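Hello,

I am passing a structure on to you, and my notes on it follow below.

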Amino acid sequence: MLEWRQNLRRNWIYMATGALISVFLWVAVSADRVEQRPYTAELLVINSDRGYVLTEIEPEVDQVTVDFTGPSADLAVLATDRPQIFVSIDSVESGVRVVDLTPDMVKRRGGRELTTVRAIRVRPDQLTLRFEPRAQKVVRVVPRMTSISLAEGYVIADSVRTEPGMVAVDGPENAVERIDSVLTAPVPGERLRQSISVQIPLEQPDLDGLVELSSPDVIVTVAVEQIEERVFPGIPLSVSGADVAGLRVEPSLVDVRVWGARSAVRAIRPEALLPRIELSGPADYGELLPVILIPLSPFVEVTVDPDSARVVEVEGTR
């Protein structure tokens, strides 16, 4: 036993070196051993025919299984440097096309050729590709205002604008025909006291994601102003719809109250206010008829006091 320990102390360096050499030789032999292994490969279908859109792949796969053969060390690289299968479509002759997947379509990532390993089988080995004619049209952009709120005493003072206001949609004919407008994502803004202009992405107009938009986002502008009120007293009331000779309106004057966005309210002039009642014939004489006043701005509300009047005949004129 003592002799064994002495030999170990004297020769441990040689013994360790021999063990390391054995490990290195085993690794080297294993790395050079030719094996066959399956790996997944990314499927890339490249359609160069701009007249058609690829709408469906059967079976529905974005990866396929490829059997490779080659040295173990080189095969192991494929686990991280995943290969790709390139299916190139130069022209579309019909709506359905069957494509055979062959080992020569398998490439290294980025289209590089396989060198130390070889693809020998692809599963599935056949795909059915479905195409639709491509269509394009221009549609309006509709801002989604569900998240906008205004502070008390403030209103939207102008039409909400988008820039651009129209976008082109491009995709399968059936999908494009169904699209009349494109919505934005919700425009953010809580308790606004001033105008905003924000960049907002557009929402995908089709569930399959096959329709492309000419712009991914738009600038949405929301004009916000304080509310203002004005009263215009003694505005003459007119009658329309009949010969008014010998007729009198009671009352002949009304007060007009307007309120809304400050700039729109301040732009109103008394002479532009034209309250009236519509008379359809003698049967309306003496009846209370509503006073009509068309707002001069979509951002202004109006009321008339009183809101009704009578048309009566002047005695001795008829």
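**A sheet of three strands**

Let's start with an open sheet whose three strands come in the order E20-E25-E23, with antiparallel pairing. Strands here are DSSP runs of E with at least two residues, helices are runs of H or I with at least four, and both are numbered from the N terminus. Two strands pair if DSSP finds at least two bridges between them. E20 (247–250) and E23 (289–290) are the edge strands of this sheet; each has a single partner strand, so one side of each is left without a neighbour in the sheet. E20 and E25 (residues 308–313) run antiparallel and are joined by four bridges. Leu 247 has Glu 313 in E25 as its bridge partner.

Before going on, please note that this is a predicted model: local features need pLDDT of at least 70 and side-chain atom pairs count only at pLDDT 80 or more, while totals for chains, interfaces and linings use all residues. Residues are numbered from 1 along each chain as its sequence is written, and side-chain values use heavy atoms, with hydrogens and water left out.

**A sheet of four strands**

Another open sheet has four strands in the order E10-E18-E21-E24, also with antiparallel pairing. Its edge strands, E10 (154–156) and E24 (300–305), each pair on one side only. Within the sheet, E18 (residues 224–236) and E21 (residues 253–261) run antiparallel, joined by eight bridges. Val 231 has Arg 257 in E21 as its bridge partner. Arg 257 also lies over the face of Trp 259, at 4.0 Å from the ring centre (the criterion is NZ of Lys or CZ of Arg within 6 Å of the ring centre and within 35 degrees of the ring normal).

**An aromatic pair**

How many aromatic pairs does a search of the whole structure find? There is one: Tyr 39 and Phe 68, edge-to-face, at 6.2 Å centre to centre with 65° between the planes. Rings of Phe, Tyr and Trp (its six-membered ring) pair if their centres lie within 6.5 Å; planes under 30 degrees apart count as stacked, over 60 as edge-to-face and the rest as tilted. Tyr 39 lies in strand E1 (residues 34–47) and Phe 68 in strand E3 (residues 63–71), so the pair ties together parts that are 29 residues apart in sequence. Both residues, Tyr 39 and Phe 68, are buried (under 20% relative accessible area, with a 1.4 Å probe and protein chains only; exposed is over 50%, partly exposed in between).

**The whole protein**

The protein has four helices and 25 strands. Of its 318 residues, 33% are buried.

Best wishes
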